[in-house]
Amino acid sequence: MADVQTPMIRTDIPHSARIWNYWMGGKDHYEIDKIAGDAGLAVDPDISTMAVQSRQFLIRAVRFLAKERGIKQFLDIGTGLPTMQNTHEVAQGVSPEAKVVYVDNDPLVLTHARALLTSTTDEGVTTYIDADFHDPEQIVADARNVLNFNEPIAVMFMGVLGHAKTYDDLLRIVRTVVGAVPSGSHLIYWDGTDDSQAYVTLCENYTGTGGTPYVPRPQAQIRGVFDGLELAEPGVVSITQWRPETTEVGQVLPISAYGGVARKP
């Protein structure tokens, strides 16, 4: 979808998607993001582990839904910068006909989306929407142009809703989108939690740089996002503990990032 008036990319203020890319070992960031990222690592050295493990959780969750639950439509909201094994690559690797819609409103993300987020199969569809997750009604309206809202859809919020202004706003966003998709759809969700003081301090410091605040939330609030939905085993857990691969069991410790996968009845 064309963006008529793309806002200027700010290279003087750090951005969470670019910092995340830096922590994951990517190359799509600016010097200001590296400075903020290094400052974050100094406060919480485990943040790079969270960045890497969040992608592993995405891979496992998307593969689970595509392979075991037969989901062929994915709405990935707040996608961030493309890295390795993106949602469409995982989903279309299982179901070549899978449709994936990415949503973000960062101009750098959208620039990379245009170049890199292309379907990996002839049968599948991969596209993106320029929208802010604070406007879920617009996201749903735009997604209807690509996805079939009469068939199950996986709604994804991967570590981005800490940017919601309040917890009530977070719930409004999730429930608006999940409320629009049919029975049999699923929610994949995780966010950072407040049980690590180092991580909380990192987020407070990031806010002080002028970046959009990210609020770590209590585990109970993360669980509350899934109210009314049917959680897949093992429920809401640290993302490192959600259906780890056999080779990972016992090797990765819990981290301050909790989430899960749940079905809409």
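Predicted model: local features only at pLDDT ≥ 70, side-chain atom pairs only at ≥ 80, totals over all residues.
Me: Which residues does Thr193 touch, not counting residues up to four places away in sequence?
Reply: Residues are numbered from 1 along each chain as its sequence is written, and side-chain values use heavy atoms, with hydrogens and water left out. Contact means heavy atoms within 4.5 Å. Thr193 touches Tyr199, Pro216, Arg217, Gln219, Ile222, Ser256, Ala257 and Tyr258.

Me: Is Thr193 buried or exposed, and what is its relative accessible area?
Reply: Thr193 sits in the loop between strand 5 and helix 8 (197–208). Helices (H or I, at least four residues) and strands (E, at least two) are DSSP runs, numbered from the N terminus. Buried means under 20% relative accessible area, exposed over 50%, partly exposed in between (1.4 Å probe, protein chains only). Thr193 is buried, at 0%.

Me: With which side chain does the side chain of Thr193 make a polar contact?
Reply: A polar contact is a pair of N or O atoms within 3.5 Å; within protein, one must be able to donate a hydrogen and the other to accept it, and residues adjacent in sequence count only if both atoms are side-chain atoms. At 3.0 Å, the partner of Thr193 is the side chain of Asp195.

Me: Which strand pairs with strand 5 in the antiparallel sense?
Reply: Two strands pair if DSSP finds at least two bridges between them. Tyr189 has Gly260 as its bridge partner. The pairing runs over 7 bridges, and the partner of strand 5 is strand 8.

Me: How many residues of strand 4 are buried?
Reply: In a regular strand the side chains alternate between the two faces of the sheet. In strand 4, Ala154, Met156 and Met158 point one way, Val155 and Phe157 the other, and all are buried. So strand 4 (residues 154–158) is largely enclosed by the rest of the structure, with a buried count of 5 of the 5.

Me: Which residue of strand 5 does Phe157 stand opposite?
Reply: Strand 4 lies parallel to strand 5 (residues 186–192), and 5 bridges pair them. Strand 4 is also joined to strand 1 (residues 73–77), by 4 parallel bridges. In strand 5, the residue opposite Phe157 is Tyr189.

Me: Which helix does the chain cross through from strand 4 to strand 5?
Reply: This β-α-β crossover is right-handed. That word applies if, with the strands pointing away from the viewer, the path from the first strand over the helix to the second runs clockwise. The helix on the path, residues 167–180, is helix 7.

Me: Which side chain does a polar contact join to that of Ser54?
Reply: Ser54 lies in helix 3 (residues 47–68) and is buried, with a relative accessible area of 7%. Beyond four places in sequence, Ser54 is in contact with Trp20, Trp190 and Ile239. The polar contact, at 3.5 Å, is with the side chain of Trp20.

Me: Over which residues does pLDDT stay under 50?
Reply: The chain has a mean pLDDT of 91, and 95% of its residues reach 70 or more. One stretch stays under 50, and the model has 8 contacts for it beyond four places in sequence: residues 1–6.

How values were computed:
pLDDT = per-residue confidence, 0-100.
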